[in-house]
Amino acid sequence: MPFLAWQSQARRGVRVGFLKRYPVPTVAVLVFAVCSIFFALRAPAQGVTPTPEQLQMFEGLTPEQQQMVLQAISGGSSLGGLGGSLGGGLNGVGGLGGASGIPGARSQMGDPRQQMGRQSRRLSEEEEEEGPEPVIPQLKAKDWVIVEIDYQLAPRAIPPYLQSLYSLQASAPGAASAAPSAQAASQSQPVSALAAAVGQVPGPSSGSAVPGQPSPEDRARLDPLIALIRAKNPYRLTQEGALLLPGFAPMALLGLTEEQATLRLRADPAFRGVDVRLTRLPIKKSGVEGLRPFGYDLFDHLPSTFAPVTNVPVPSDYTVGAGDLLLVQLYGSQNRSLKLTVSRDGTISLPDLGPMVVAGQKFNNVKDSIEGRIERQMTGVRANVSMGDTRAIRVFVFGEARNLGSYTISGLGTITSALYAAGGVRRTGSLRNIQLKRNGAVIRRLDLYDLLIRGDTSDDTKLLQGDVVFVPTVGSTVSVDGEVRRPAIYEVKNETTVGDVLALAGGVTPEADPTKVSVTRIDGNEHRVVVSVDLTAAGRGAQLRNGDVVRVMRIRPTLDAGIVVEGHLYTPETFAYRSGIRLSDVVHSVDELKPDADIHYLLVRRESPVDHRISVFSADLEAALQAPGSAADLELAPRDRITVFDLASGRDRIIQPIMDQLKLQGTSGQPSAVVHVDGSVHVPGDYPLEPTMTVRDLVRAGGGTVDSTYGRTAELTRYTVTNGESRHTELIRIDLAAAMRGDPAANVKLQPFDSLSVREVPLWGEAESVTLKGEVRFPGSYSIRRGETLQSVINRAGGLTDFAFPEGSVFTRESLRKREQAQMDMLADRMQHDLSILALQAAATSTNGGGAGALSVGQALLSQLRTTRAVGRLVIDLPRIMREPADWQGDVILRDGDELIVPRTQQQVTVIGEVQNPTSLLYNAKLGRDDYISLSGGTTRRADHARIYVVRANGSVVAQEGSRWYSRSSVQIKTGDTIVVPLDAEKMPTLPLWLAVTQILYNVAIAVAAVNAL
């Protein structure tokens, strides 16, 4: 049946009085439970079993609601078979019925309601004992919660279990229809109501908005309340499940969902005017609180059936009774097989021999009696007797078992079989004193710890018809936590000392500190006290009491007698410390280091065992290996940590934590042991100050000098404090070459905060080069010296070719390109601002169509300006540069990255801008500026005739010659020139920047065209 149709039928079965009695959210939860269980049982042939979440939801309903669910599932013509399916499905959950496959046995839990109730009670008990999270979280004692409070809160997110419900409803047959009807709308109401009931969708019950703004008086009252409640987050419920907010009476929230608890908070008058919401934090308990009682999880995985087991040998002491099946094989003069069932009167009927009493006898005695009688009374016939199916017996389980009652189990069943059938032992039941009662007398006591810890099943005796397994309440308990193999809560019987309880916990781990064992208990004065126990002495015999908590501490993780070698080497190792051990004893060769390792600076971090203060030393591995046992071969101490650095990767990540520790140790009387080196060294930066550190040691710490190091002098800056009042700076000139040789006069001993600056050779730098392209004899990249000119480099390149057009040369420089680009970006920002103002003006005078047209043109110009990239062209007169002498002041002094492009001879004149057909025309000396414009179709209506200008091939602009503006006779057009007809920006309400923008765009386009022309 389609989901929605079935759901509608279930809703029609609800009585009107029931709807009046229970609110909509409760009904919604009920409908959701029915839907979930129904979909779990839609395929009865597959034996689908309700999930623990569905059973948990069923248990949370009232008896009337449970009855309604069962009637909705089992009642009705279309669902008539679901009742049997439910019973059969639940009958297989852990084999609670226990009668499947047993001939003649009747299940004691065939009623689905009984099975569902018992199973859900077990799940509920597990949840109370830190079991799996329920589907809809409910608040329990000592739960942690967050209380959100504000004038308005955002709605909760939809949780996964509701998302799956929505997808289930959407995918159900008939859920989607072309014409939504009132019935479909009503069918979706329970789902929405359920979502609102748990507060997961926007609605009146999930983060509703507070109407209006609070008045100043309300804010003065509510702001301190909001700040106070926020400051105390998170909150923990009490043992009784109450929430204690500052300034409020305890609020009982035990068993409520998050949304129900939220409604409870909102009902308080003090929260009028604010939005408040409670969210449960699913924090798992840890430490002593997280300990679980030992052994009870033995029954978590219940067997699927308790049918008689036929594939195991029958023990010799098995007592034969009514219902047992004996297999008799006759051979000799007769060959046949007999199956003899023990009747209710305890006899079997042997063919040709008559009845024989066997009930109440051991199987071995029965076997001998039958085989002997056949051999004596049947001539030439011998027999072999074996046991077939054993009988089913009925036993009772009472006390602190999970599910009390009578159970039908196999005749080979033992005490543990009955406990499994009853679902195990509750946490309040004893595992160490389980009693087997027969005819009112205790005949055996079972200690499950013998089975769990020692594997001893000697007391797990077999049961007889009518036996009673009784589970008394748990006895004295002791909690064991910390460094033990099985932290748990143990029930103690004969274990009275600390040693006995630690043996139950599997003993201590190798990380345990036997001298630090604490016992927390409540003494005779009702005070919680701690007793220290030393296991190395007589502490194992310390007596324990009921409720004691034993905690075994872990030894500290520090390495007390070892040396660690780590960093840029193949095999980092830890070495045992011995007196007199040196660096060469732990690093035997440079072959143990990876390539690019710094063999001249190994950092040794040393920790004092007295006060944990650290000091730092360095060593030169090469010097240590060359002279083992010398002063260069550093003698090591316990807890030393040696680090090998990689020259290519830097040292900050390793040295910085050490530097932070050294700075924390610094005081006014003992400054931080930190020094600094910068300049021409491989790894500049801060370094730890060693006790006898010198300038040479600091240079070695910085990775040594580089190629550009100025080896004659360096500068040492020293800061000293005089009388604790003022700081003075002293500059010391260092003869670096002498210091590196070890000259005591130059190799100054360093003090805290000294800073060494290693200079660079004057005029040292990376090689500079320029690029020549186009019509030079040998184009390419040329290295230059500082101050070299363009003419010099062109001459080195063999000069220009015969086809060169020096007047159109393009010279670009990176620094100019960056500067031009920055100016263009700034101009674009200004234009963007002006366009915004123009847009407002156009909106204010919407009848003026000219403003809208100007805005459109401006936006197009702005878009072009944003996408245009600067070229960085420098206008040069290359023909004159090549004509003038080598020391001419107008020659270009080159810089690194400069580029010169010399094009071939040009024969065209280009016309761009506001003309009908922007194009390039063949040069004609007889034609003037206006002639070329006419050949391009003439100007457009938007052309600015007064500002037409000419861009020469070298990039210079001719704007005016003589006393007239761009007259035909005053401007001489040359080959390679570009005539620009700009936009007339004054014909519309424009911005003053537009003219400049158009000129920039045209000039950049001309420069790019010149560069790309090669």
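Predicted model: local features only at pLDDT ≥ 70, side-chain atom pairs only at ≥ 80, totals over all residues.

Me: Which residues touch the most other members of the largest nonpolar core?

Reply: In soluble globular proteins, nonpolar side chains tend to be buried together. Here the largest nonpolar core holds 44 residues, and those touching the most other members are Ile415, Leu419, Ile434, Leu463, Val469, Tyr490 and Leu502. Helix α14 (residues 415-421) gives the largest share of this core, five residues. Apart from it lies another core, of 32 residues, including Val681 and Ala746.

Me: What does Val469 touch, leaving aside residues up to four places away in sequence?

Reply: Among its contacts are Phe396, Phe398, Ile415, Leu419, Ile434 and Leu463.

Me: Where is there a cis peptide bond?

Reply: Most residues other than glycine have a negative phi, and most peptide bonds are trans. In this model a cis peptide bond joins Asn233 and Pro234, with omega at about -10°. Pro234 is in the loop between α11 (216-231) and β2 (235-236).

Me: Is Asp596, which has a positive phi, buried or exposed?

Reply: Asp596 is not a glycine, yet its phi is about 70°. Asp596 counts as exposed because its relative accessible area is 54%, and the cut-off is over 50%. Arg639 also has a positive phi, about 75°, but Arg639 is buried, with a relative accessible area of 15%.

Notes
Residues numbered from 1 in each chain as written. Heavy atoms only, no water. Core = buried A, V, L, I, M, F, W, Y, C linked by side-chain atoms within 4.5 Å. Buried < 20%, exposed > 50% of the residue type's maximum accessible area, 1.4 Å probe, protein only. Helix = DSSP H or I, 4+ residues; strand = E, 2+ residues; numbered from the N terminus. Contact = heavy atoms within 4.5 Å.
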